[in-house]
Amino acid sequence: MNKQQLASKIWESANKMRSKIEANEYKDYILGFIFYKFLSDKEVAYLKKTDWSDADIEKYLVEDDTETLSNIQKNIGYFISYDNLFSTWIKKGEKREFDVSNVRDALSAFSRLISPTHKKVFDKIFDTLQTGLSKLGDSSGTQTKAISNLLQLIKVIPMDGKQDYDVLGFIYEYLISNFAANAGKKAGEFYTPHEVSVLMSEIIANHLKNKDKISIYDPTSGSGSLLINIGRSVSKHISDKNNIKYYAQELKENTYNLTRMNLIMRGILPDNIITRNADTLEDDWPWFDESDPNKTYTPLYVDAVVSNPPYSQAWDPSDKGTDQRYARFGMAPKTKADYAFLLHDLYHIKPEGIMAIVLPHGVLFRGGEEERIRKNLIEKNHIKAIIGLPANIFFGTGIPTIIMVLKQKRKNTDVLIVDASKGFIKVGKNNKLQASDIKKIVDAVISKESIDKFSRLVPREEIRKNEYNLNIPRYVDSSESAESYDIYASMFGGIPIKELDSYKAFWDEFKDLKKVLFKSDKTPYVKVAVENISLAITNSEDIKTFIDKFQANFAGFEDFLDTRLILNMKDISTSKEEEFISKDLFKRLEFTKLLDKYKAFQLLDDNWEKIAIDLEVIQTEGFAATKQVDPNMIVKKKDGKDIEVQDGFIGHIIPFSLVQSVYFRDETDAIKAKEASLLEITAKYDEILEGISEDDKESYKTCFSEEKDAFVGAEISKAVKTLKKSGEKYATSSIEMQLIRVSELMVKEKSLKAAIKTDTEKLHSKTKSKIEGLTDEQVLKLLHDKWITPLIKDIYNMPNTLISTLTSEIEKLAQKYQVTFLDIDRQIKDSQKELSSLIDDLSGDEFDMLGLKELQSLLGGAKND
C-alpha cells in the first residue's frame, strides 16, 4: 500500500469516527491499534519460524503453558495468547463474536506479561489507548462497533518494515496536518516533517560515518521520526545497524508512547532503546535505575543529539543557577526556552560529538540574555552552521525556522551560514524541501562551501563586528536582483553590454556564440546580429560541441545503470545505491558549470522512489514477484455504503500499461483509435446543438435537457422513429434532419462503447496472461524500460532545457530595448498628425466645431476654417 492509498483509507475511517471522538484524538487510537497488530504479527511470525502451525498456535498459545510463555517472553520480550491476537479479533468480528472487552482484557494481559528484561521498553505503552476506549461510545455496543471499524482499516495497513517510509510517522503527520484546527495551533511542534528530519540526519550521519558504535539522543522526541531517520542515515555508513543506541525523552505521555512504538516497529533491538517520560528542562538525564540510584548512576553523553523542541516556550529558570547545562553560557529568559533546549543538547554530546536543533528564527538576533548566550557560543567556538529554512514548512505554524548545527570541539572559528529559504516546492498549504534542496544544503555544510546567494563561510571577526547578530540576511543575500532599464538603450536602442555580462557563465562556456548573436559598434552597447535568435543558437558550433561533450560524458551511463540496478538487483542496498549513482552522475557533469548537478539529482530522485520500492519487493519476495498480478481493489457505493470490490488486476511490479506498450501495441492503438472516434462524436453533438435555434429546440423540447445544452437519447429515438414513419423528406438544415443525424451518431456511439469495452477486457486478459508467463529475459527488459529508460530520457533532456532557457532569456533581452522611447514618441506624433487630418473632414454646429478646434490644437494641428 502506497502513501496515497493509506492516506485515503485513514481519512475515510477518521470521518466515520468524528461523531465519537475529537479529531485530533483519533491518532491515539489508530496508532495504538497499529502497534498492537505489529506486536501480534511479530509473535506469530516468530512462532511460524520455529515450526508452529496455525493449528498449533490456536491450540497451544495459552498463558497456562508456562514453558511456551517463558520461551516467547525470552525471545521477543512479551507474550500474547491466541485469544488476544489481532488476527483472532478479526476472526471473532467475522463471526459477530468480537466485543470491546476483548481489547480491554488483551491490553491488561499484555501489561502483565511483559518480560522483566523488556519492562522499560513496553511498560504502560498502551495506557493512552486503554484509558481512551470509553470515549468511543456510550455503551459497550457502540464502543465495539467503533473499534470493529478501526480494526477493518488497520488489518490492511502495512507494518512489516519493508516500506520506504515511516508508516507510523506518516500517519501521525497526515493526521496532524488534516486536523490542525482541532489539534491546536502548535500541533506541528510535535512532528518534524520528514524532509527536515532527513536534512538533519544526513548532516549528523556524515560526522559519525567513521564510528563503529554510535549513541544518539532526542530530548523532545515526539513521534520518534528524527531518531528513526538519523538511524537510517547512520546505518548507511556503519557495518552493523544494531550498534546504534537510541535515547529519547518526551514530556507528553501519549507522544512518549508513540516514540517507543515507532522505534520498536522499525526493528530496533529493545536493548538499544532507552526512553524516559519526563520534562527535559526540569528533569535532566543523567540516567539511573530508580531501584538502585547510587550504583547505576550514569551521566548521559552521546555522539549526537537531534531535537525539534517547542518554539519559544515559557520555562522556570529560577532554580537553575548551578545547573551544569547553563553555567558556562548563561540562562535563557523565562518567556523563551529556545536556548535552554539548545544548551541542554550541547551539554549531552561527547567531546567529539555533534548536535542539530530546530529553532525559531528569532534566536539569531534577539537581545538580552539570548545575546549573551549567543556571544558565548561564538567565542567558545561551538556553532558550526546555521541553516535558514523556508517559511511555512511545519504543520500548525508559519513562523520562519532555522537549523543550528553545533559541536563540542571545533578547530575552525568561522560559521557557515546557509539561506535555504528559497528552495522548496508548494504542497497544499505548506512548503516542502525536495531531495535536491536537501542534498545541496548537506553538501554545502559538509564541504563548508560558499555559494553565491546561498551559503557563506563567515569569519568570527565579522560576527563580532555585527555584535553577535546572526540574522541570515546580514551575511547571505539571497534576494533576486530587481530588473533595471538602461536609459540610453531605452532612448536609442541596443543592448547594454553590462546586461549581457549577467550571462557570463554562458559566454564562458560558449566562447563564440556571443559574437554570432551580437555585433558591437565600439560603444557599451551591442545590436542583435541575427534574424532568428533561436535558430542561431541551435545551429551554433558552440552548442553542437556542448551537446557532443554531454553525450560523450554520458556514454555508457545507461549500461552503468543496467549493471547496477538490473544485474545486481538481488544484492543492491537501496539505502546506499542512490548516493552511489548520484556520485557517478555528478562526475559526468563535471565538464560544465551550466548544468545544475542538483537538478540532475532531483531527476534521479524523482525516478528513484519507484525503483527502490520494486527492488525491496524483489529482494524480500523473490524474482517471481515480477511475474505476479494482484486483484485491483476499488471502492464503490452500494446501498449508500462504500464497499471494496475487485476491478480486474494490476501488476505487482510490472505495470499493465508497460506490457501493453511493448507487446500489444496494435491492440492498444486500435482501442485508442476507437476512443478518438468517440471524442469526435461528442464534438459533433456539440456542433449540431450549437446550430439548432431556440425555437426549433422548443418545438422538440422533450429531445433536449432542461437547460437545453444536451440531447436526451431516449426521446430522440422516439422522435426519429415517428419522423421516419411519416415518410416525409426533410431539408438538410431542418431540425428534423439534425435529430436524425444525432440518432445515427448515438447508434454509432453505442456500438463504439461496446467494442471498446470488449477490446479492453480482451487486452486486459491477454496482459495478465503475458505478465504471468514472462520469461526472465523479458522481465529484465521490462524492468529496464520501467526504471532506466525514463531516467535516461530525463537526463538527456537537460541540455535541451538549458538551450531553451538561454534562447528565451536572450529573446527577452532583445525585445526589452527593441522599441525605444524615440520610436514610441514618433508613433505618437504620427498618430496625432493622422487624427488631426481626420478632424478636417468633420462638421457640426458651432459648439462642436469649437471643441474639435481645441482638440486639434492639443494634437499639434490647426483646424482649417
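These are my notebook entries on what I looked up in this predicted model.

**Ground rules**

I number residues from 1 along each chain as its sequence is written, and side-chain values use heavy atoms, with hydrogens and water left out. Because the model is predicted, local features need pLDDT of at least 70 and side-chain atom pairs count only at pLDDT 80 or more, while totals for chains, interfaces and linings use all residues.

**Entry 1: the whole chain**

I began with the overall count. The protein chain has 37 helices and 18 strands. Both are DSSP runs numbered from the N terminus: helices are H or I with at least four residues, strands are E with at least two. The C-alpha trace spans about 115 × 90 × 65 Å along its principal axes.

Next I looked up burial. Of the 865 residues, 47% are buried. Buried means under 20% relative accessible area, exposed means over 50%, and partly exposed lies in between (1.4 Å probe, protein chains only). I then checked contacts, meaning heavy atoms within 4.5 Å. Among contacts with a separation of 6 or more, 72% join residues 24 or more positions apart.

**Entry 2: helix H5**

I went to H5, residues 86-94. Its buried residues are Phe86, Thr88, Trp89, Ile90 and Lys92. Their cover includes helix H2 (26-49), helix H6 (100-112) and helix H9 (140-154). Just after H5, I found Arg96 with a positive phi of about 60°.

Phe86 and Trp89 came up again in an aromatic cluster. Other members include Phe33, Tyr36, Tyr78, Phe98 and Phe126.

**Entry 3: aromatic pairs**

How many aromatic pairs does a search of the whole structure find? It finds 32. Rings of Phe, Tyr and Trp (its six-membered ring) pair if their centres lie within 6.5 Å; planes under 30 degrees apart are stacked, over 60 edge-to-face, and the rest tilted.

I picked Phe546 and Phe591. Their ring centres are 5.7 Å apart and their planes at 40°, so this pair is tilted. Phe546 lies in helix H25 (residues 541-553) and Phe591 in the loop between H27 (574-588) and H28 (597-621), so the pair ties together parts 45 residues apart in sequence. Phe546 is buried at 2% relative accessible area. Phe591 is partly exposed at 21%.

I then took Phe554 and Tyr796. The centres are 6.3 Å apart and the planes at 70°, so this pair is edge-to-face. Phe554 is in the loop between H25 and H26, and Tyr796 is in helix H34 (residues 776-796), 242 residues apart. Phe554 is buried at 1%. Tyr796 is partly exposed at 31%.

**Entry 4: charges over rings**

I looked for NZ of Lys or CZ of Arg within 6 Å of a ring centre and within 35 degrees of the ring normal. The charged end of Arg564 sits over the ring of Phe580, 3.9 Å from its centre. The charged end of Lys816 sits over the ring of Tyr485, at 4.5 Å.

**Entry 5: H27 against H28**

How do H27 and H28 pack? Their angle is about 150° and their axes are 10 Å apart. Axes are lines fitted to C-alpha atoms, for helices over the stretch in contact, and angles run from 0 to 180 degrees between N-to-C directions. The two helices are therefore roughly antiparallel, a label for angles over 145 degrees. The residues in contact include Glu577, Ile581 and Leu585 of H27, and Phe601, Leu604 and Trp608 of H28.

I followed Glu577, which is in H27. Glu577 is buried at 3%. Beyond residues up to four places away in sequence, Glu577 touches Arg564, Leu565, Ile572 and Trp608.

**Entry 6: two single residues**

Is Ile566 buried or exposed? Ile566 counts as buried at 5% relative accessibility. Its place is helix H26 (residues 557-567). Leu780 is 214 residues from Ile566 in sequence, yet their C-alpha atoms are 6.7 Å apart. Leaving out residues up to four places away, Ile566 touches Leu561, Leu780, Leu783, His784, Trp787 and Ile788.

Gln738 counts as buried at 13%. With residues up to four places away again left out, Gln738 touches Ile688, Ile692, Thr732 and Ser733.

Terms used:
Parallel < 35°, antiparallel > 145°, perpendicular 65-115°, else oblique.
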